[in-house]
Amino acid sequence: MIDQISVSSLVIFLINFLTLAFYYSFYRFHFYRFAESFLQYTAFAFSFFSAGVAIGLQAGFLYWISDAGPLWNAFFLSSFVEEFAKLLGIYLFFRKNQDEFTVTDGIFYGLVLGGGFGFVENILYFINTGLWSQVLRSITALPIHMMNGGIIGAYLMMFLFHENPIFKWGKIGFGFFVCVGIHGFYNLSLSQEFDLIIVLPICILSLFFLLELIIAKSRILVPGNILKLMNMTMEQYEILSRHNRHEGWIQNVQKHISTSGIKLLQYPNLRHSILTIFFLVPGIFSVYLLYESPNLISQKFPDLAIQDYFALFFMYPIILSLMFFFAGVLNPYFFRDRMLAVPLFSSVDLHTNGIEENSAIFHIQANMFYLPTSQMYEENTKVKFDLWIGLDCFVGLSGTILWCKENEEGNCGAMCQLDEIPFRFLLKWHYLRLKQNFKNLFLRKAMV
């Protein structure tokens, strides 16, 4: 019995190691080719710290609440505690030298820390409940931990670069609870024996595509030291970039310059195409073998349940083939240079010290926006805004001009912040923008 457990433990250890190496190589060569070895080792060491924090917190909660049901165990005791421990480890890793890093750095070193955390967890929590069940858990739980680490690392860097509390806590809260939700759903599916054919693609692919979107957008963001040189916070940089996109769209239309060549999706490269086929073929063959020779499978693998066979040898290779096919196909320059449709804008009346000025905003995020002005204003000037959208006017919104700058063309612009978030305005703004996007979509189809 001891020899059997030792062999099983060795097999599980080897599978976890190979899984960690596989996903590390995937992301290492997919988007982050130049990494410092010392930082990677440090991030991996912090994964042990995070695992220790998670174990300590779980032991404490179990002491006070031994069993509060499957939802508590899946979403709080396991998912929330473990993601919080990873968040703490990533925060301690970045907090001292955060200005030297970018959001892309946060993603990669978060992936390393999350992968190490998943590796440690799978080894420590190994229970001899059947080799195939442990194999399935190892090759699925570890990438979920790893991708969650990358997502949390990205949103943590945004948290560190933002100054406005709404943006700071909104970003980190969104990223954290998305990871907790998907992780908790995965844990619940294992404990309640949900259909893995449905659960695995939902959990792994949803995290993968979210991470791909974050990776693509992170490539057009600047590190903290550049933001400091520009005397901007990240939220101000993002709002100004969005304004410049809309303004550039207008200039391109006036000059008859088309941006249609900037596509959202790029073709997968040759290496990824080959690997897609490499994983797709065994998945299809395993289904063929299941239907043609089910007795052969039961003879060769007597302890392997049909559901586990389907998940291991069909669903998982299909997931890997999809990951290789879609890895890197999102074009980051699409998010910087391409306008999908006619931009929505709002007319703005600015009132300060007896001066009234009319302008327009192309984008408002929470309680901040950027607008062109005809003159320079001092920093932290208190003003009143009248925001028009359609025939509706939101009068007398108090706010502050955070700063005002003059660009290379001699045009002035001001970064503004409202004292309160105009929720009614934002609801109508997003409703009309969604409506306009659908309208332009059908108009383009009709004109083609």
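**Reading the core and the surface**

Guide: This is a predicted model.

Visitor: Which residues have the most contacts inside the largest nonpolar core?

Guide: In soluble globular proteins, nonpolar side chains tend to be buried together. Here the largest nonpolar core holds 90 residues, and Tyr27, Tyr109 and Met323 have the most contacts inside it. Helix 5 (residues 131-161) supplies the largest share of this core, with 17 residues. There is also a second, separate core of 20 residues, among them Ile364, Phe385, Ile389 and Leu426.

Visitor: Is Gln98 buried or exposed?

Guide: The general idea is to compare the relative accessible area with a cut-off: buried means under 20%. Gln98 has a value of 18%, and therefore counts as buried. Gln98 lies in the loop between helix 3 (70-94) and helix 4 (103-124).

Visitor: What is Gln98 in contact with, leaving aside neighbours within four places in sequence?

Guide: Its contacts are Met157, Leu160 and Phe161. Gln98 and Met157 are 59 residues apart in sequence, yet their C-alpha atoms are 7.6 Å apart in space.

Visitor: Which residues make the nonpolar surface patch?

Guide: Phe13, Leu14, Phe17, Leu18 and Ile123 make this patch of about 450 Å². Helix 1 (residues 2-30) gives the most to the patch, namely four residues.

Visitor: Why does Phe13 count as partly exposed?

Guide: Partly exposed lies between the buried limit of 20% and the exposed limit of 50%. Phe13, a residue of helix 1, is partly exposed because its relative accessibility is 39%.

Methods: Residues numbered from 1 in each chain as written. Predicted model: local features only at pLDDT ≥ 70, side-chain atom pairs only at ≥ 80, totals over all residues. Heavy atoms only, no water. Patch = residues over 30% accessible without salt bridge, like charges linked within 9 Å, V, L, I, M, F, W, Y side chains within 5 Å. Areas by Shrake-Rupley, 256 points an atom, 1.4 Å probe, with all protein chains shown as cover. Salt bridge = Lys/Arg side-chain N within 4 Å of Asp/Glu carboxyl O. Helix = DSSP H or I, 4+ residues; strand = E, 2+ residues; numbered from the N terminus. Buried < 20%, exposed > 50% of the residue type's maximum accessible area, 1.4 Å probe, protein only. Contact = heavy atoms within 4.5 Å. Core = buried A, V, L, I, M, F, W, Y, C linked by side-chain atoms within 4.5 Å.
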